[in-house]
Amino acid sequence: MNGQKIYLKNMTYEELEQYILSRGQKKFRASQIFKRLYEGCSSFDEFTELPASLRGKLKEETLIDTVSLKERQISRDGTRKYLFEVPGGDTIETVYMQYKYGSSVCISSQAGCRMGCAFCASGINGLNRNLTAGEMADQIVAVSKDTGKRIGHVVVMGTGEPFDNYEELIRAIEILRDRRGLGIGSRNITVSTCGLISKIGAFARDLPQVGLAVSLHAPNDNIRRQLMPVAKSVSMEQLLSACRNYTEQTHRRITFEYALIRGMNDDTRHAAELAENLSGMLCHVNLIPLNVVREKQYRSVAQERASEFASVLEKKGIQVTIRRQLGTDISAACGQLRLNRSEK
Ligand code: SAH
């Protein structure tokens with residue numbers, strides 16, 4: 001709500017239908033409105049199929065856009081980073097990436113983050129607020145409009161911990177998947193968590209088709225606790241057990257993200273220990289040579305170190321890839337997104 005106004009993109013299709021009915025309108029108007037919203041129309045004048053009276057009513061009571069573009073940077077590799085303002089004045093970042101298989105967008109789930117991972121920029125100023133489902137979905141609409149591309153893939157890997165904003169996340173995914181709007185396939189959506197285990201169980205029940213990535217970043221509790229405050233309350237054993245339950249229930253492979261940090265977790269014996277812990281799991285490890293964050297003392301690893309680490313995992317039968325770095329020249333890479341305007 002903005003004063004008395006309702007944000008239309010914050011409603012699922014069914015909620016929009018209810019709203020339309022409650023205003024004495026015919027149900028099918030909801031389908032016309034929903035379609036227009038996700039085509040990217042941002043003025044009610046573009047809703048030409050609606051009677052003028054309904055357009056007038058919508059103008060009076062509702063708003064179309066929830067995020068507004070403040071700034072855009074374009075990387076040499078075509079990656080685009082957006083700074084959007086959300087109602088209340090907070091800003092969030094969203095990243096557009098072009099792959100061979102199509103366009104992918106990395107969206108934020110919170111303004112700021114309270115997880116406080118030692119190597120990540122997103123949590124430096126703590127959490128300001130949760131994003132609404134509409135604010136998450138609207139990032140996709142805005143990027144699609146700017147690029148002129150249909151967005152086929154979504155990763156919830158921007159600022160924030162999505163499972164710390166679970167209800168809105170689930171509603172956002174429902175909106176993104178809806179065929180009457182954006183129609184993004186469940187299998188093309190991936191959510192990344194730092195390991196809130198009760199929500200891993202809920203996610204397996206609620207959205208078994210949606211992909212899950214878990215930020216592991218360490219081969220054992222000792223190292224993980226130095227890097228991620230969440231590890232102080234959830235042990236690796238508890239986390240991996242939740243992950244095993246997840247794969248049993250969904251039959252879907254989990255991606256473990258592992259940022260390689262020089263002198264911290266990048267030794268080949270760490271790789272061996274990691275392989276031991278993950279042995280037999282339906283999983284895949286995605287190694288991310290650390291992206292350096294100005295305020296943090298952590299350093300990245302050379303490509304050879306990443307390859308060595310990967311080959312230890314491979315030899316032990318763990319599937320592994322090294323993440324391609326996109327958008328580093330505009331600080332759009334993992335962990336470099338932040339609440340306030342980023343500097344180049
Ligand atoms: N809060 C969620 C979503 C963030 S996703 C999570 O923790 O999974 C972003 C991914 O980038 C996470 O795996 C995160 O740990 C990782 N990351 C954070 N800072 C990074 C950095 N400086 N370099 C590389 N990866 C980083």
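Ala, Val, Leu, Ile, Met, Phe, Trp, Tyr, Cys and Pro are counted as nonpolar, Asp, Glu, Lys and Arg as charged, and the others, Gly among them, as polar. On this basis the shell around the ligand divides into 9 nonpolar, 8 polar and 2 charged residues. The model is predicted, with local features requiring pLDDT of at least 70 and side-chain atom pairs pLDDT 80 or more, while totals for chains, interfaces and linings use all residues. Residues are numbered from 1 along each chain as its sequence is written, and side-chain values use heavy atoms, without hydrogens or water.

Of the 19 residues around the ligand (a heavy atom within 4 Å), Glu161, Ser192, Ser215, His217 and Asn291 come nearest. Polar contacts are pairs of N or O atoms within 3.5 Å. A nitrogen atom of the ligand lies 3.1 Å from a backbone N or O atom of Gly160. For Thr193, a backbone N or O atom is 3.4 Å from a ligand oxygen atom. The side chain of Glu257 places an N or O atom 3.2 Å from an oxygen atom of the ligand. The ligand alone exposes 530 Å², of which the protein buries 96% (Shrake-Rupley method, 1.4 Å probe).

Helices α6 (residues 197–206) and α8 (residues 236–250) pack at about 0 degrees, with axes 9 Å apart (helices are DSSP runs of H or I, at least four residues; axes are lines fitted to C-alpha atoms over the stretch in contact, with angles from 0 to 180 degrees between N-to-C directions). Helix α6 is therefore roughly parallel to α8 (angles under 35 degrees). Contact (heavy atoms within 4.5 Å) involves residues including Phe203 of α6 and Tyr246 of α8.

Technical notes: Helices (H or I, at least four residues) and strands (E, at least two) are DSSP runs, numbered from the N terminus. Angles under 35 degrees count as roughly parallel, over 145 as roughly antiparallel, 65 to 115 as roughly perpendicular and the rest as oblique. A polar contact is a pair of N or O atoms within 3.5 Å; within protein, one must be able to donate a hydrogen and the other to accept it, and residues adjacent in sequence count only if both atoms are side-chain atoms.
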